[in-house]
Amino acid sequence: MIKILTNATLVQLDPAQVETGIDIALEHGQVIKTGRALTTFYPDAAIISMDGKLVMPGMVCAHNHFYSALARGITADIAPSPDFLSILKNLWWRLDKAIDREVLQASAIVGALEAVRAGTTTVIDHHASPNFIRGSLGVIREAFEKVGLRGILCYETTDRNAEAGMTDGIAENTEFARQIDRNDDNRLVEAAIGGHAPFTLNDTALAMLKKAIEETGRGIHVHVSEDGHDAAFSRQHYGEDPLARLHRFGLLNEKALIVHGVHLTGKEIDLLNENDGFLIHNPRSNMNNHVGYMENIQQVKNLAMGTDGIGGDMFEEFKFSYFKHRDAGGDWWPDSIAKMLQNGNRILERYFGGDFGAIQPGCRADLTILDYYAPTPLTAENVAGHIAFGMGSRDVNSVMVNGKFIYRNREFPFEIDSLYATARKAAEKLWKTM
Ligand SMILES: [Zn+2]
């Protein structure tokens, strides 16, 4: 059945475009035609009037941790954590150990709901639950499918929890990728191969990750040089920079998702660029953990943006990305941040195949619809400025993934009060256990 979204204000970020009075025809989860008065071309189509609302390609959150969705406002007893390593030890490595199936279910559902309400159509998740490894990605996938959110999932392999924890992490990644491969082609959820960070991945772990990447045809999703500690540890123990070490193990390819990279050297960025991998920038998390600013960010070829577990609101991350860059003395304008955000769609093309991130024939119909009241003219030249200085997730009216409304006129097609109540209960249990 063909659907036509009529009278939309079509907004695209890269290349920037703002055009009013546009009809968008959709079929089989794709855009099939855009233009004026399309209803005459398709007289039998279902017509959905946009009444001038903004319709833009859906937003991609390229790095998130839904397991941390229940950490908001945490009141567990946490020792003072002045540096990055103590934040991991005192908070995150205690929290992830306390996650069981029930907590993960609740956490993934609210993570997905929050992302969609903010206009995000894809979340690339990086998961850890050392006491519930096998089967954990299937639980997260169920939440994505219930909400209708697109995703790429992986498990954070680490050598922190003995040999068994490491092999289970690898097995969870490869088995999940195989499950996906047995699925139909119109999949909503894809798989990557996850690793925590070079300082918790010994050489055995890196060799296993390489094998998993080869066997599954996927890419690595890993934190690298988030804090100066990761780089210092690598130089001290292995005599080389962390990304050079990953490269020596053959872990960099066009599907590689290298997260943070705050302390990458120019040479490491060259390696990433030569291998056509991605750098995922998480400005709010970097500020929260006081790990510094990636001064050489403009040298990276493939940039995308994530939240690193601080919700799923890419409008918010956009603003921090821009203001932090300006604060650090960078010379980017908002249009460069818009390109970075938009570029998350290139990751989807490499994992799912097909075209993403544009409203044009043949492209996946993952769309964000906003009832934004522009106080000044909105044009292709200033649309990124509107996002940096105004437009936000409060303006999100509806969200479509694969041509289907998963959120419409600010409502989900199922009730969410009980899901949030379950999450609050699970959060209390989680805080007590940890
Ligand atoms: Zn992260």
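1. Basis of the values. The structure is a predicted model, in which local features require pLDDT of at least 70 and side-chain atom pairs count only at pLDDT 80 or more, while totals for chains, interfaces and linings use all residues. Residues are numbered from 1 along each chain as its sequence is written, and side-chain values use heavy atoms, with hydrogens and water left out.

2. Domain division. Domain 1 consists of 3-57 + 357-407, and domain 2 spans 59-352; these bounds come from an automatic or database domain assignment. Taken over C-alpha atoms, the centres of domain 1 and domain 2 are 29 Å apart. In the contact (heavy atoms within 4.5 Å), domain 1 takes part with 25 residues and domain 2 with 26 residues.

3. Extent of the interface. The size of an interface is often given as the accessible area lost when the parts come together. Between domain 1 and domain 2 the buried area is about 2,200 Å², and carbon and sulfur atoms give 63% of that area. Buried area here is the accessible area (1.4 Å probe) that two parts lose on being put together, summed over both.

4. Polar links across the interface. One salt bridge is found across the interface of domain 1 and domain 2, a salt bridge being a side-chain nitrogen of Lys or Arg within 4 Å of a carboxyl oxygen of Asp or Glu. The interface also has eight residue pairs in polar contact, both residues at pLDDT 80 or more. A polar contact is a pair of N or O atoms within 3.5 Å; within protein, one must be able to donate a hydrogen and the other to accept it, and residues adjacent in sequence count only if both atoms are side-chain atoms.

5. The domain 1 side. At least two residues each come from β15 (367-370), α13 (383-389), β16 (396-401) and β17 (404-407) on the side of domain 1 that touches domain 2. Helices (H or I, at least four residues) and strands (E, at least two) are DSSP runs, numbered from the N terminus. Helix α13 supplies the largest share of this side, five residues. By class, this side of domain 1 holds 15 nonpolar, seven polar and three charged residues. Ala, Val, Leu, Ile, Met, Phe, Trp, Tyr, Cys and Pro count as nonpolar, Asp, Glu, Lys and Arg as charged, and the others, Gly among them, as polar.

6. Salt bridges in the structure. There are 27 salt bridges in the structure. One of them pairs K301 with D276, with the closest N and O atoms 2.5 Å apart. K301 lies in the loop between α9 (283-288) and β14 (303-305) and D276 in the loop between α8 (266-274) and β13 (278-281), so the pair ties together parts that are 25 residues apart in sequence. K301 is partly exposed at 49% relative accessible area; buried means under 20%, exposed over 50%, and partly exposed in between (1.4 Å probe, protein chains only). E114 and R117 also form a salt bridge (4.0 Å, N to O); they are three residues apart in helix α2 (residues 101-117), about one helical turn.

7. Residue F352. F352 belongs to helix α12 (residues 344-352) and counts as buried, at 18% relative accessibility. Residues up to four places away in sequence not being counted, F352 touches R150, G151, I152, R187, L188, V189 and E190.
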